[in-house]
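Welcome, and thank you for taking a look at this one with me. Please have the sequence and the structure open while you read.

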Amino acid sequence: MRIVGLTGGISSGKSTVSNLFKAHDIPVVDADVVARDVLKKGTRGWKKVVSAFGQDILQPDGEVDRPKLGQIVFSNPEKRQLLNRLLAPYISSGIFWEILKLWLKGFKVIVLDVPLLFEAKMDRWTKPIIVVWVDPETQLRRLMLRDRTSEVDARNRKDAQMSLDLKRTRADIVIDNTGSQEDLKGKFKSVLFEVTKPLTWTEFWLSRQGALSALGSIIIGVLMFRKALHSGSKL
């Protein structure tokens with residue numbers, strides 16, 4: 001199995017690229033979706049976060065008010081690190097099970113969409129790594145327009161993440177998304193060609209098909225060995 005790492009920054013266009021992969025029938029494991037699941041009311045992640053941040057972060061229905069929690073952690077590095085520490089084990093576990101389900105279904109290529117791919121050290125699981133990049137000014141302008149927020153709030157949220165310039169130095173593939181949607185779609189075609197190339201032998205043996213082939217070879221080898229022993233005992 002080939003696990004493609006996809007990351008970027010807030011308002012860089014990573015989600016758009018993720019949706020393009022889905023549109024081309026490449027399954028995507030979205031860390032943000034997993035994070036929402038582990039923070040649902042009554043889960044262990046929910047209990048940990050409520051215990052640490054208090055009842056004030058809850059909506060009337062008991063679910064976490066994510067925008068309110070976001071305002072707290074994006075403006076306070078210590079609280080942001082605390083939130084990451086609390087949820088990281090549950091998010092990692094959730095991602096693992098999603099990957100396992102896709103492996104069991106026989107998918108040869110999947111995309112792991114993780115905003116904090118490098119920070120969470122999940123880049124070790126993935127190859128190639130794709131970074132969706134835009135310049136800081138474009139990123140800030142798009143974020144303010146998208147969320148209708150002030151420049152101060154937008155800058156706090158942008159600066160809370162690893163810079164895109166640093167991320168691009170650790171990427172195998174960089175998608176420059178400073179242009180239009182049509183420009184992005186054109187660049188995506190070449191990226192899609194790269195990630196859907198035939199699997200390497202290592203990737204093949206890590207796929208379900210490879211594992212079944214290995215198991216079949218072992219079974220055949222054992223049967224042939226037993227047959228040889230049986231034939232030898234007659235001599």
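The numbered points below go from the whole chain to its cores, its helices and a few local details.

1. A word on the source to begin with: this is a predicted model. Please read every value below as computed from that model.

2. Let us start with the overall layout. The chain folds into 11 helices and 5 strands. It has 235 residues, and 40% of them count as buried. Its accessible surface is about 13900 Å², with carbon and sulfur atoms making up 58% of that area. If you look at contacts between residues at least 6 apart in sequence, 72% of them join residues at least 24 apart.

3. The largest nonpolar core holds 35 residues, and Val49, Phe53, Leu69 and Ile95 are the ones with the most contacts inside it. At least two residues of this core come from each of α2, α3, α4, α5, β3 (109-113) and β4 (129-133). Helix α5 gives the most, with 8 residues. There is also a second, separate core of 18 residues, and its members include Ile26, Val109, Val111 and Val132.

4. Is Ile95 buried or exposed? Its relative accessibility is 0%, so Ile95 counts as buried. Beyond its neighbours within four places in sequence, Ile95 is in contact with Val29, Ala31, Val34, Leu112, Met122 and Trp125. Ala31 is 64 residues away along the chain, yet the C-alpha atoms of Ile95 and Ala31 are separated by 6.8 Å.

5. Just after the helix, Gly54 has a positive phi of about 90 degrees.

6. Not counting residues up to four places away in sequence, Phe53 touches Leu69, Ile72, Val73, Lys79, Leu82, Leu83 and Leu86.

7. Now for the rings. How many aromatic pairs are there? The count comes to 2. Phe21 and Phe188 make an edge-to-face pair, with 4.8 Å from centre to centre and 80 degrees between the planes. This pair links distant parts of the chain, as Phe21 belongs to helix α1 (residues 14-23) and Phe188 to helix α9 (residues 181-195), 167 residues apart. Phe21 and Phe188 are both buried. The rings of Phe96 and Trp97 also pair: their centres are 5.4 Å apart and their planes stand at 75 degrees, so this pair is edge-to-face. Phe96 is partly exposed, at 45% relative accessibility, and Trp97 is partly exposed with a relative accessible area of 48%.

8. The charged end of Arg168 sits over the ring of Trp133, 4.5 Å from the ring centre.

9. Finally, some backbone details to check. Most residues other than glycine have a negative phi, and most peptide bonds are trans. With that in mind, look at Asp25, whose phi is near 65 degrees, a positive value in a residue other than glycine. Asp25 lies in the loop between α1 and β2 (28-30), and it counts as exposed at 67% relative accessibility. Arg148 likewise has a positive phi, near 50 degrees. The place of Arg148 is the loop between α6 (136-147) and α7 (151-159), and at 77% relative accessibility Arg148 counts as exposed.

10. The peptide bond to look up is the one joining Lys127 and Pro128, which is cis with omega about 0 degrees. Pro128 is found in the loop between β3 and β4.

Definitions and conventions
Residues are numbered from 1 along each chain as its sequence is written. This is a predicted model: local features need pLDDT of at least 70, side-chain atom pairs count only at pLDDT 80 or more; totals for chains, interfaces and linings use all residues. Side-chain values use heavy atoms; hydrogens and water are left out. Helices (H or I, at least four residues) and strands (E, at least two) are DSSP runs, numbered from the N terminus. Buried means under 20% relative accessible area, exposed over 50%, partly exposed in between (1.4 Å probe, protein chains only). Contact means heavy atoms within 4.5 Å. Accessible areas come from the Shrake-Rupley method with a 1.4 Å probe; for residues, only the protein chains shown count as cover. Rings of Phe, Tyr and Trp (its six-membered ring) pair if their centres lie within 6.5 Å; planes under 30 degrees apart count as stacked, over 60 as edge-to-face and the rest as tilted. A charge sits over a ring if NZ of Lys or CZ of Arg is within 6 Å of the ring centre and within 35 degrees of the ring normal. A nonpolar core is a set of buried Ala, Val, Leu, Ile, Met, Phe, Trp, Tyr and Cys residues joined through side-chain atoms within 4.5 Å.
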